[in-house]
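Keep the sequence and the model side by side.

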Amino acid sequence: SVGIHSFWNAPDFYQHQVHSKQLFVALFAFIMPVIDTSIVIVNRLLKGRSPFIGGKDHTTHHLVYMGFSERKVAFIFAFVGFISISLTYFINAYFVAWGPFHVVFFALYFLLLLGSFYFITKKFLPVT
């Protein structure tokens with residue numbers, strides 16, 4: 001409830017609700033689960049498989065297939081999460097006036113991460 005009141009329903013400097021800003025705050029707070037789930041669902045649907053049946057096709061698995069250790073994969077996820085949570089903080093603390101530039105900039109950040117991790121799942125497949 002504190003998070004919803006402080007982040008989701010908080011008006012901007014001009015006391016307006018800025019829905020795109022609220023969306024990015026929520027998205028960045030949960031960026032890695034959102035990216036991983038989105039990629040897994042898309043990849044499974046493209047292969048004609050159910051997205052509800054588990055498998056070893058998550059982003060973390062593909063990073064291991066690339067040659068990263070599990071420890072390094074955890075570090076990569078933690079680092080991306082830290083950057084995204086930091087962006088969430090800066091969005092709320094310093095971006096009082098919100099405009100189209102902010103939407104484009106933060107959308108590009110999200111799409112860059114999504115595209116990068118999606119590319120990894122297509123390029124690095126399990127060794128059989």
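Start at the surface, with Y94. This is a predicted model, and in it Y94 has a relative accessibility of 53%. Exposed means over 50%, so Y94 counts as exposed. The residue sits in helix 5, which covers residues 70-94.

Now step back to the whole chain. What is its secondary structure made of? The chain has six helices and zero strands. Read from the N terminus on, the order of elements is α-α-α-α-α-α. The chain has 128 residues, and buried residues make up 30% of them. Its accessible surface comes to about 8,400 Å². Carbon and sulfur atoms account for 73% of that surface.

Next come the aromatic rings. How many aromatic pairs does the structure hold? There are 15 aromatic pairs. One of them joins F95 and W98, and this pair is edge-to-face because the ring planes stand at 75°, where over 60 degrees is the cut-off. The ring centres of F95 and W98 lie 6.5 Å apart. The two partners differ in cover. F95 is partly exposed, at 26% relative accessibility. W98 is buried, with a relative accessible area of 13%.

Along with F24, F28, F101, F105, F106 and Y109, they form one aromatic cluster. Follow F106 within it. F106 lies in helix 6, residues 100-123. Is F106 buried or exposed? Its relative accessible area is 1%, so F106 is buried. Setting aside neighbours within four places in sequence, F106 is in contact with F24, F28, L87, I91, F95 and W98. Four of these contacts, F24, F28, F95 and W98, are named in the aromatic cluster as well. L87 is another partner of F106. F106 and L87 are 19 residues apart along the chain, and their C-alpha atoms are separated by 9.0 Å.

Turn now to charge. Side chains of opposite charge can pair when their charged atoms come close. How many salt bridges does the structure hold? It holds two salt bridges. In one, the side chains of D57 and R44 meet at 2.6 Å, N to O. D57 lies in the loop between helix 3 and helix 4 (59-66), while R44 lies in helix 3, so the pair ties together parts that are 13 residues apart in sequence. Helix 3 covers residues 31-46. The side chains of R44 and D57 are also listed as a polar contact, at 2.6 Å.

For both, the reason is a value under the 20% cut-off.

D57 also forms a salt bridge with R49. Here the closest N and O atoms are 3.6 Å apart. R49 counts as partly exposed, at 34% relative accessibility. Not counting residues up to four places away in sequence, R44 touches R49, S50, P51, I53, G54, G55, D57 and H58.

G55 leads on to the last stop, H61. Leaving aside neighbours within four places in sequence, H61 is in contact with G55 and K56. H61 is found in helix 4. With a relative accessible area of 24%, H61 is partly exposed. Which residue is 65 residues apart from H61 in sequence but 8.2 Å apart in space, C-alpha to C-alpha? That residue is P126.

Notes
Residues numbered from 1 in each chain as written. Predicted model: local features only at pLDDT ≥ 70, side-chain atom pairs only at ≥ 80, totals over all residues. Heavy atoms only, no water. Helix = DSSP H or I, 4+ residues; strand = E, 2+ residues; numbered from the N terminus. Buried < 20%, exposed > 50% of the residue type's maximum accessible area, 1.4 Å probe, protein only. Phe/Tyr/Trp six-rings, centres within 6.5 Å; stacked < 30°, edge-to-face > 60°. Polar contact = N/O pair within 3.5 Å; in protein donor to acceptor, adjacent residues only side chain to side chain. Contact = heavy atoms within 4.5 Å. Areas by Shrake-Rupley, 256 points an atom, 1.4 Å probe, with all protein chains shown as cover. Salt bridge = Lys/Arg side-chain N within 4 Å of Asp/Glu carboxyl O.
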